[in-house]
Amino acid sequence: MMLLKVTLLSFFLLGNTYAIDKNMVMGQLKSDVIRMTLMANGNKLKSCYQNILTTSKTPFSFKSQMHFIISKDGTVKKANVTPVEDNENNNKVSACIVEVLKDISFPKPKGNGVVEVSQSLNFSI
């Protein structure tokens, strides 16, 4: 069994919240709180990359853009992960990350509304 050291290259919140729908009530959640919650789940996110990497014939890096909506109760309502490079390995990692995001619980946003997040996520060996 080959041991791999996976490095989380970047984990930066790209922007503030914005409305997706004119009828949707927007809540507030500090970017630091979002970042800390994601970092607390970093091992789960990283395992998505590691699991595909161990079965891959060649090493690869993973760069993506995550988009997700935190609902008023703190659960992830909708999630999408778009890899920079469209290939089988990256698509598998992306699908896994979407499932992890849907299991993460964030604090309830202030204002009884939703928060939309855009976040880059990159892994490399």
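The model is predicted, so local features need pLDDT of at least 70 and side-chain atom pairs count only at pLDDT 80 or more, while totals for chains, interfaces and linings use all residues. Residues are numbered from 1 along each chain as its sequence is written, and side-chain values use heavy atoms, with hydrogens and water left out.

**Ser94 in α3**
- S94 lies in helix α3, residues 88-103 (helices are DSSP runs of H or I, at least four residues, and strands are runs of E, at least two, numbered from the N terminus).
- S94 is buried, at a relative accessible area of 5% (buried means under 20%, with a 1.4 Å probe and protein chains only).
- Leaving aside residues up to four places away in sequence, S94 touches F62, V81 and P83 (contact means heavy atoms within 4.5 Å).

**The core**
- The largest nonpolar core has 27 residues, and I34, F68, I97, L101 and F106 have the most contacts inside it (a core is a set of buried Ala, Val, Leu, Ile, Met, Phe, Trp, Tyr and Cys residues joined through side-chain atoms within 4.5 Å).
- At least two residues of this core come from each of α1, α2, β2, β3, α3 and β4.
- Beyond residues up to four places away in sequence, I97 touches L45, C48, F62, M66, V81, L121 and F123.

**α2 against α3**
- The axes of α2 and α3 come within 9 Å and cross at roughly 155° (axes are lines fitted to C-alpha atoms over the stretch in contact, and angles run from 0 to 180 degrees between N-to-C directions).
- That makes α2 roughly antiparallel to α3 (angles over 145 degrees).
- K44, L45, C48, Y49 and I52 in α2 meet N89, K92, V93, C96, I97 and V100 in α3.

Key
Buried < 20%, exposed > 50% of the residue type's maximum accessible area, 1.4 Å probe, protein only. Parallel < 35°, antiparallel > 145°, perpendicular 65-115°, else oblique.
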